[in-house]
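Subject: Structure handover

Hi,

Here is the structure for you to take over. Please open it first, then read my notes below.

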Amino acid sequence: MLNTALLLSSTSTPNNGGGLTSLLLPVIMIGILIVIMVVSSRKQRKQDQEIASMRNNLQVGDEITTIGGIIGKIVSIKEETCVIETSRDGTKIRILKTAVSRVDVKAEDSID
């Protein structure tokens, strides 16, 4: 009878650490989420700076591709726009600098 009383008393005592554990898990999850967001934000800012630098360093003669897939050579540049020549017959298109996706061949690298 004494043994059953000990068993009942040991199984019926509440676990005081359970509340702390159940609170600690969400805090850790939120901390991990914040770290992931900060790291991805820094990567995005770095990528945005590289794209802005590329667009600010455009030169006449650069061969570019636009975000719409148009390929051409820059013939003139203004503050926010540039004119590209898209074919050998001289077809010209005026585009925004923000529409430039990448520089395929720099002006100094081209061999006309």
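Along the sequence, the order of elements in the protein chain is α-α-β-β-β-β-β. That gives 2 helices and 5 strands. Please keep in mind that this is a predicted model.

Now the chain as a whole. It has 112 residues, and 17% of them are buried. The protein chain exposes about 8900 Å². Carbon and sulfur atoms supply 61% of that area. I also looked at contacts with a separation of 6 or more. Of these, 38% are between residues 24 or more positions apart.

Next, the surface. Which residues make the nonpolar patch? They are Leu24, Ile28, Ile32 and Ile36. Together they form a patch of about 360 Å². Take Ile28 as one of its members. Ile28 sits in helix H2, which covers residues 18-56. Its relative accessibility is 42%, so Ile28 counts as partly exposed. The limits behind that label are under 20% for buried and over 50% for exposed.

Then the salt bridges. How many are there in the whole structure? The search finds 2.

One pairs Asp62 with Lys106. Their closest N and O atoms are 3.4 Å apart. Is Asp62 buried or exposed? Asp62 is buried, at a relative accessible area of 0%. Lys106 is partly exposed, at 25% relative accessibility.

The other salt bridge joins Asp104 and Arg102. Here the closest N and O atoms are 2.8 Å apart. Asp104 has a relative accessible area of 36%, so this residue is partly exposed. Arg102 is partly exposed too, with a relative accessible area of 47%.

- Trace the pattern α-α-β-β-β-β-β along the chain.
- Finish with the salt bridges, Asp62 with Lys106 and Asp104 with Arg102.

Over to you.

Best wishes

Technical notes
Residues numbered from 1 in each chain as written. Predicted model: local features only at pLDDT ≥ 70, side-chain atom pairs only at ≥ 80, totals over all residues. Heavy atoms only, no water. Helix = DSSP H or I, 4+ residues; strand = E, 2+ residues; numbered from the N terminus. Buried < 20%, exposed > 50% of the residue type's maximum accessible area, 1.4 Å probe, protein only. Contact = heavy atoms within 4.5 Å. Areas by Shrake-Rupley, 256 points an atom, 1.4 Å probe, with all protein chains shown as cover. Patch = residues over 30% accessible without salt bridge, like charges linked within 9 Å, V, L, I, M, F, W, Y side chains within 5 Å. Salt bridge = Lys/Arg side-chain N within 4 Å of Asp/Glu carboxyl O.
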